[in-house]
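Dear colleague,

Please find below the structure that I am handing over to you. A short account of the findings comes after it.

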Amino acid sequence: MFAPILFGVASFVMKSKFVKAEDMDFFTGVDEVIADTYDEPPPKNIWEKFWLWIVSALNPPLSPGVLTRVYSSR
C-alpha cells in the first residue's frame, strides 16, 4: 500500500512524466554491458589456444572510451 503512494508523491515532487517506449534509448551502452557479463572460457587444448591467439591478434581489445565515442558521434 505504501509503494504506490510513495511513487505518486515522488512523481509529483520530482515533476517527472512517463516516457513512451519509442522515445527511450535501449541501445546506448549495451555493448559494454555484454562485454562485462560474458567470460570467455579458458582453452582446453592446443587448437583452442591457437584459435584464441589468432582471434585476439585480429581483434585487439577496445578501451572503454572507444564505444562511448562511437555512440556519442551519432
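The notes below cover the helices first and then the aromatic pairs.

This is a predicted model, in which local features need pLDDT of at least 70 and side-chain atom pairs count only at pLDDT 80 or more, while totals for chains, interfaces and linings use all residues. Residues are numbered from 1 along each chain as its sequence is written, and side-chain values use heavy atoms, without hydrogens and water.

Helices here are DSSP runs of H or I with at least four residues, numbered from the N terminus. Helix H1 covers residues 2-14, and its end C-alpha atoms are 18 Å apart, in agreement with the 18 Å that its 13 residues should span at 1.5 Å a residue (the expected span being 1.5 Å times one less than the number of residues). Just after H1, Lys15 has a positive phi of about 55°.

The whole structure holds 2 aromatic pairs (ring centres of Phe, Tyr or Trp, the latter by its six-membered ring, within 6.5 Å; planes under 30 degrees apart are stacked, over 60 edge-to-face, the rest tilted). Phe7 and Phe18 form a tilted pair, with centres 6.3 Å apart and planes at 45°. Phe7 lies in H1 and Phe18 in the loop between H1 and H2, so this pair ties together parts 11 residues apart in sequence. Phe50 and Trp53 are also tilted, at 6.1 Å centre to centre and 35° between the planes. Trp53 is exposed at 55% relative accessible area, whereas Phe50 is partly exposed at 44%.

Yours sincerely

Methods. Helices (H or I, at least four residues) and strands (E, at least two) are DSSP runs, numbered from the N terminus. Buried means under 20% relative accessible area, exposed over 50%, partly exposed in between (1.4 Å probe, protein chains only).
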